[in-house]
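Morning, everyone. Please take a look at the model on the screen, and I will walk you through it.

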Amino acid sequence: MSLDIPDQVRKTVIADGNESWLDELPGVVDSLAQEWSLMIGSSFAGGHAALVVEVTLVDGTPAVLKIGVPGRDVGPEAMALRLANGGGCAKLLGEDLSRQALLLERLGAPMYDVVADPASRHALLCEVAVRLWRPVGPDIDLPTGANLAEQYADRLPKLWEQAGRPCSPATVADALNCMNSRRLAHDDRSAVLVHGDIHEMNALQAADGSYKLIDPAGLRAEPACDLGTIVRCNPDLGDDLWTRTEQLASRTGVDATAIWEWGTIHRVVSGVYACTIGFQPFGDLLLTEADRLTA
(Lines give C-alpha, C1' and ligand atoms only; values in the text may rest on other atoms or scores of the structure.)
Protein backbone atom coordinates (compact mmCIF):
# COMPACT_ATOMS: atom_id res chain seq x y z
CA MET A 1 0.00 0.00 0.00
CA SER A 2 1.06 3.62 -0.50
CA LEU A 3 1.76 5.30 2.85
CA ASP A 4 2.72 8.91 3.49
CA ILE A 5 5.38 8.93 6.21
CA PRO A 6 6.02 12.47 7.54
CA ASP A 7 9.57 13.74 7.11
CA GLN A 8 10.16 14.19 10.84
CA VAL A 9 9.21 10.58 11.56
CA ARG A 10 11.41 9.41 8.71
CA LYS A 11 14.38 11.50 9.91
CA THR A 12 14.03 10.26 13.50
CA VAL A 13 13.97 6.62 12.44
CA ILE A 14 16.92 6.97 10.05
CA ALA A 15 18.95 8.91 12.63
CA ASP A 16 18.44 6.04 15.09
CA GLY A 17 19.61 3.47 12.53
CA ASN A 18 16.20 1.84 12.07
CA GLU A 19 15.66 2.48 8.37
CA SER A 20 14.43 -1.10 7.78
CA TRP A 21 11.39 -0.25 9.93
CA LEU A 22 10.32 2.24 7.27
CA ASP A 23 10.31 -0.52 4.65
CA GLU A 24 8.23 -2.78 6.88
CA LEU A 25 5.77 -0.08 7.94
CA PRO A 26 3.33 -0.23 4.97
CA GLY A 27 2.89 -3.96 5.55
CA VAL A 28 2.28 -3.42 9.27
CA VAL A 29 -0.34 -0.75 8.57
CA ASP A 30 -1.99 -2.94 5.94
CA SER A 31 -2.23 -5.92 8.31
CA LEU A 32 -3.65 -3.76 11.11
CA ALA A 33 -6.17 -2.29 8.66
CA GLN A 34 -7.34 -5.78 7.78
CA GLU A 35 -7.51 -7.04 11.36
CA TRP A 36 -9.35 -3.96 12.65
CA SER A 37 -11.40 -3.35 9.45
CA LEU A 38 -9.96 0.14 8.91
CA MET A 39 -10.02 2.44 5.92
CA ILE A 40 -6.65 4.24 5.87
CA GLY A 41 -6.54 8.00 5.30
CA SER A 42 -3.91 10.73 5.49
CA SER A 43 -0.99 10.91 7.89
CA PHE A 44 -0.74 13.67 10.49
CA ALA A 45 2.37 15.85 10.37
CA GLY A 46 4.10 17.39 13.38
CA GLY A 47 5.19 14.46 15.52
CA HIS A 48 8.42 12.48 15.39
CA ALA A 49 7.95 9.58 17.84
CA ALA A 50 5.07 7.85 16.04
CA LEU A 51 3.30 7.51 12.73
CA VAL A 52 -0.23 8.88 13.23
CA VAL A 53 -2.80 8.22 10.51
CA GLU A 54 -6.46 9.10 10.02
CA VAL A 55 -8.59 5.98 9.75
CA THR A 56 -12.28 5.14 9.52
CA LEU A 57 -13.88 2.18 11.27
CA VAL A 58 -16.18 -0.20 9.44
CA ASP A 59 -19.25 1.55 10.92
CA GLY A 60 -18.02 4.95 9.66
CA THR A 61 -16.59 6.16 12.98
CA PRO A 62 -13.52 8.38 12.50
CA ALA A 63 -10.48 7.23 14.46
CA VAL A 64 -6.69 7.48 14.57
CA LEU A 65 -4.06 4.76 14.14
CA LYS A 66 -0.82 5.43 16.01
CA ILE A 67 2.33 3.31 15.61
CA GLY A 68 5.34 4.11 17.78
CA VAL A 69 8.77 4.28 16.16
CA PRO A 70 11.45 1.77 17.25
CA GLY A 71 12.54 2.50 20.81
CA ARG A 72 9.20 4.13 21.64
CA ASP A 73 7.22 1.90 24.00
CA VAL A 74 3.53 2.81 23.80
CA GLY A 75 2.76 0.48 26.72
CA PRO A 76 2.58 3.20 29.42
CA GLU A 77 0.43 5.34 27.11
CA ALA A 78 -1.93 2.41 26.53
CA MET A 79 -2.11 1.75 30.28
CA ALA A 80 -2.92 5.42 30.97
CA LEU A 81 -5.61 5.45 28.28
CA ARG A 82 -7.19 2.25 29.61
CA LEU A 83 -7.30 3.72 33.13
CA ALA A 84 -8.75 7.02 31.87
CA ASN A 85 -11.38 5.21 29.74
CA GLY A 86 -12.16 8.36 27.77
CA GLY A 87 -12.28 10.64 30.81
CA GLY A 88 -9.91 13.53 30.12
CA CYS A 89 -8.03 11.62 27.40
CA ALA A 90 -8.83 10.27 23.95
CA LYS A 91 -10.61 6.94 24.23
CA LEU A 92 -8.57 3.83 23.48
CA LEU A 93 -10.40 1.73 20.88
CA GLY A 94 -7.81 -0.98 20.30
CA GLU A 95 -4.19 -1.92 20.93
CA ASP A 96 -1.52 -4.24 19.60
CA LEU A 97 1.54 -3.68 21.77
CA SER A 98 3.58 -6.27 19.87
CA ARG A 99 3.49 -3.83 16.95
CA GLN A 100 3.43 -0.68 19.13
CA ALA A 101 0.02 0.18 17.66
CA LEU A 102 -2.89 2.04 19.25
CA LEU A 103 -6.33 2.72 17.79
CA LEU A 104 -7.73 5.94 19.23
CA GLU A 105 -10.74 8.20 19.23
CA ARG A 106 -10.26 10.95 16.65
CA LEU A 107 -10.50 14.45 18.11
CA GLY A 108 -10.62 17.92 16.59
CA ALA A 109 -8.47 21.04 16.62
CA PRO A 110 -5.89 21.81 19.33
CA MET A 111 -6.93 24.19 22.10
CA TYR A 112 -4.22 26.59 20.94
CA ASP A 113 -6.04 27.07 17.60
CA VAL A 114 -9.49 27.44 19.14
CA VAL A 115 -9.07 29.49 22.34
CA ALA A 116 -7.29 32.81 21.81
CA ASP A 117 -7.05 34.01 25.41
CA PRO A 118 -4.09 32.44 27.27
CA ALA A 119 -5.71 32.73 30.71
CA SER A 120 -8.77 30.89 29.41
CA ARG A 121 -6.52 28.17 28.02
CA HIS A 122 -4.85 27.76 31.43
CA ALA A 123 -8.24 27.36 33.10
CA LEU A 124 -9.38 24.81 30.51
CA LEU A 125 -6.14 22.84 30.82
CA CYS A 126 -6.66 22.75 34.58
CA GLU A 127 -10.20 21.43 34.09
CA VAL A 128 -9.14 18.65 31.74
CA ALA A 129 -6.32 17.66 34.11
CA VAL A 130 -8.78 17.32 36.99
CA ARG A 131 -11.03 15.11 34.81
CA LEU A 132 -8.09 12.81 34.12
CA TRP A 133 -6.76 12.43 37.67
CA ARG A 134 -7.88 9.27 39.45
CA PRO A 135 -6.26 7.24 42.24
CA VAL A 136 -3.81 4.55 41.08
CA GLY A 137 -2.02 2.22 43.46
CA PRO A 138 1.48 0.74 43.31
CA ASP A 139 0.01 -2.42 41.74
CA ILE A 140 -0.43 -0.41 38.51
CA ASP A 141 2.69 -0.77 36.38
CA LEU A 142 3.44 2.89 35.66
CA PRO A 143 6.52 4.97 36.52
CA THR A 144 6.13 7.35 39.46
CA GLY A 145 6.73 11.02 39.89
CA ALA A 146 9.77 10.06 41.97
CA ASN A 147 11.08 8.01 39.03
CA LEU A 148 10.62 11.00 36.73
CA ALA A 149 12.42 13.35 39.12
CA GLU A 150 15.34 10.91 39.39
CA GLN A 151 15.51 10.51 35.62
CA TYR A 152 15.53 14.28 35.10
CA ALA A 153 18.19 14.78 37.78
CA ASP A 154 20.44 12.32 35.96
CA ARG A 155 19.82 13.81 32.51
CA LEU A 156 19.78 17.56 33.14
CA PRO A 157 23.51 18.21 33.81
CA LYS A 158 24.46 16.17 30.73
CA LEU A 159 21.90 17.93 28.52
CA TRP A 160 23.03 21.31 29.85
CA GLU A 161 26.63 20.62 28.82
CA GLN A 162 25.52 19.18 25.47
CA ALA A 163 23.45 22.30 24.74
CA GLY A 164 26.41 24.59 25.48
CA ARG A 165 25.28 25.69 28.96
CA PRO A 166 22.27 27.72 27.72
CA CYS A 167 21.24 28.88 31.19
CA SER A 168 23.02 29.83 34.40
CA PRO A 169 24.48 27.24 36.82
CA ALA A 170 22.14 28.69 39.45
CA THR A 171 19.13 27.79 37.28
CA VAL A 172 20.34 24.20 36.93
CA ALA A 173 20.97 23.99 40.68
CA ASP A 174 17.48 25.33 41.42
CA ALA A 175 15.90 22.71 39.15
CA LEU A 176 17.96 19.92 40.74
CA ASN A 177 16.87 21.05 44.21
CA CYS A 178 13.24 20.97 43.08
CA MET A 179 13.70 17.48 41.64
CA ASN A 180 15.05 16.22 44.94
CA SER A 181 12.18 17.86 46.82
CA ARG A 182 9.52 16.29 44.59
CA ARG A 183 11.26 12.90 44.67
CA LEU A 184 11.11 12.89 48.46
CA ALA A 185 7.50 14.08 48.44
CA HIS A 186 6.16 11.17 46.39
CA ASP A 187 3.59 9.11 48.28
CA ASP A 188 2.03 5.99 46.73
CA ARG A 189 -1.01 6.42 48.98
CA SER A 190 -2.04 9.72 47.38
CA ALA A 191 -0.66 9.27 43.84
CA VAL A 192 -3.03 9.74 40.91
CA LEU A 193 -2.87 9.06 37.20
CA VAL A 194 -1.27 12.11 35.58
CA HIS A 195 -0.66 12.96 31.94
CA GLY A 196 2.89 14.28 32.25
CA ASP A 197 2.90 16.89 29.47
CA ILE A 198 -0.26 18.98 29.50
CA HIS A 199 -0.17 21.89 27.06
CA GLU A 200 -2.36 23.62 24.48
CA MET A 201 -1.25 21.42 21.55
CA ASN A 202 -1.89 18.19 23.48
CA ALA A 203 -5.48 19.17 24.31
CA LEU A 204 -7.85 18.60 21.37
CA GLN A 205 -11.51 19.49 21.03
CA ALA A 206 -14.01 16.65 21.43
CA ALA A 207 -17.36 16.37 19.66
CA ASP A 208 -19.20 17.87 22.65
CA GLY A 209 -16.96 20.98 22.68
CA SER A 210 -14.92 19.89 25.67
CA TYR A 211 -11.23 19.07 25.45
CA LYS A 212 -9.39 15.78 25.79
CA LEU A 213 -5.68 15.09 26.09
CA ILE A 214 -3.54 13.04 23.71
CA ASP A 215 -0.09 11.46 24.10
CA PRO A 216 -0.14 10.78 27.86
CA ALA A 217 3.22 9.79 29.31
CA GLY A 218 1.33 7.84 31.96
CA LEU A 219 2.64 8.37 35.50
CA ARG A 220 1.63 7.68 39.09
CA ALA A 221 2.38 11.04 40.65
CA GLU A 222 1.08 13.97 42.65
CA PRO A 223 -1.36 16.22 40.73
CA ALA A 224 1.16 19.08 40.93
CA CYS A 225 3.24 17.27 38.30
CA ASP A 226 0.59 18.11 35.68
CA LEU A 227 -0.14 21.61 36.95
CA GLY A 228 3.57 22.39 36.74
CA THR A 229 3.47 22.05 32.97
CA ILE A 230 0.77 24.73 32.86
CA VAL A 231 3.10 27.01 34.83
CA ARG A 232 5.94 26.17 32.43
CA CYS A 233 3.94 27.15 29.34
CA ASN A 234 4.12 30.49 27.51
CA PRO A 235 6.62 32.40 29.67
CA ASP A 236 6.49 35.26 27.16
CA LEU A 237 2.85 36.13 27.91
CA GLY A 238 3.81 38.71 30.49
CA ASP A 239 1.75 37.36 33.38
CA ASP A 240 3.36 36.60 36.71
CA LEU A 241 4.09 32.88 36.96
CA TRP A 242 3.70 32.80 40.73
CA THR A 243 0.24 34.37 40.40
CA ARG A 244 -0.59 31.72 37.80
CA THR A 245 0.62 29.07 40.26
CA GLU A 246 -1.57 30.43 43.08
CA GLN A 247 -4.60 30.48 40.77
CA LEU A 248 -4.07 26.83 39.88
CA ALA A 249 -3.62 25.96 43.55
CA SER A 250 -6.84 27.79 44.43
CA ARG A 251 -8.77 26.00 41.67
CA THR A 252 -7.60 22.52 42.65
CA GLY A 253 -6.60 22.56 46.31
CA VAL A 254 -3.11 21.38 45.30
CA ASP A 255 -0.15 22.79 47.25
CA ALA A 256 1.25 25.88 45.51
CA THR A 257 4.86 25.08 46.42
CA ALA A 258 4.58 21.64 44.82
CA ILE A 259 3.12 23.20 41.65
CA TRP A 260 5.89 25.81 41.58
CA GLU A 261 8.63 23.21 41.99
CA TRP A 262 7.25 21.01 39.22
CA GLY A 263 6.90 24.14 37.07
CA THR A 264 10.58 24.89 37.66
CA ILE A 265 11.51 21.31 36.75
CA HIS A 266 9.48 21.30 33.53
CA ARG A 267 10.63 24.78 32.55
CA VAL A 268 14.35 24.04 32.85
CA VAL A 269 14.32 20.50 31.49
CA SER A 270 12.11 21.46 28.55
CA GLY A 271 14.14 24.59 27.86
CA VAL A 272 17.50 22.82 27.89
CA TYR A 273 16.18 19.93 25.79
CA ALA A 274 14.66 22.36 23.27
CA CYS A 275 18.08 24.01 22.93
CA THR A 276 19.76 20.65 22.24
CA ILE A 277 17.41 19.94 19.30
CA GLY A 278 17.22 23.54 18.04
CA PHE A 279 13.54 23.98 18.91
CA GLN A 280 13.52 27.77 19.07
CA PRO A 281 12.47 30.29 20.23
CA PHE A 282 10.73 27.99 22.76
CA GLY A 283 13.94 26.90 24.48
CA ASP A 284 15.36 30.40 24.82
CA LEU A 285 12.06 31.79 26.12
CA LEU A 286 11.84 29.17 28.85
CA LEU A 287 15.45 29.56 29.95
CA THR A 288 15.37 33.36 29.89
CA GLU A 289 12.48 33.22 32.32
CA ALA A 290 14.22 30.54 34.41
CA ASP A 291 17.38 32.66 34.66
CA ARG A 292 15.33 35.71 35.63
CA LEU A 293 13.68 33.75 38.43
CA THR A 294 17.00 32.56 39.86
CA ALA A 295 18.95 35.80 39.40
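First, the ground rules. This is a predicted model: local features need pLDDT of at least 70, side-chain atom pairs count only at pLDDT 80 or more, and totals for chains, interfaces and linings use all residues. Residues are numbered from 1 along each chain as its sequence is written, and side-chain values use heavy atoms, without hydrogens and water.

Start with the domains. The chain divides into domain 1 (7-106) and domain 2 (110-294). Those bounds come from an automatic or database domain assignment. The C-alpha centres of the two domains are 25 Å apart. Domain 1 puts 14 residues into the contact, and domain 2 puts in 17. Contact here means heavy atoms within 4.5 Å.

Now the cavity. On a 1 Å grid over the protein atoms alone, a cavity is a set of points where a 1.4 Å probe fits but cannot get out, and lining residues have an atom within 4 Å of a point. Grid points are joined across faces, edges and corners, and a volume is the space filled by probe spheres set on the points. How many cavities of 30 Å³ or more does a search of the whole structure find? One. The largest cavity holds about 30 Å³ of space. Its lining includes Glu-77, Leu-104 and Asp-215. Where does the largest cavity lie? Both domains give residues to its lining, so it lies between domain 1 and domain 2.

Next, the helix pair. Helices are DSSP runs (H or I, at least four residues), strands are E runs of at least two, and both are numbered from the N terminus. Helix α8 (residues 224-232) packs on helix α9 (residues 241-252) at about 145°, with axes 9 Å apart. Axes are lines fitted to C-alpha atoms over the stretch in contact, and angles run from 0 to 180 degrees between N-to-C directions. On the α8 side, the contact uses Leu-227, Ile-230 and Val-231. Leu-241, Arg-244 and Leu-248 are among the α9 residues.

Last, the backbone. Gln-280 and Pro-281 are joined by a cis peptide bond, with omega about 10°. Pro-281 sits in the loop between α10 (256-276) and α11 (282-294). Asn-85 is not a glycine, yet its phi is positive, near 50°. Asn-85 is in the loop between α3 (75-84) and β4 (92-96).

Key:
On a 1 Å grid over the protein atoms alone, a cavity is a set of points where a 1.4 Å probe fits but cannot get out, and a pocket is an open set with protein on both sides within 12 Å along at least five of seven lines; lining residues have an atom within 4 Å of a point.
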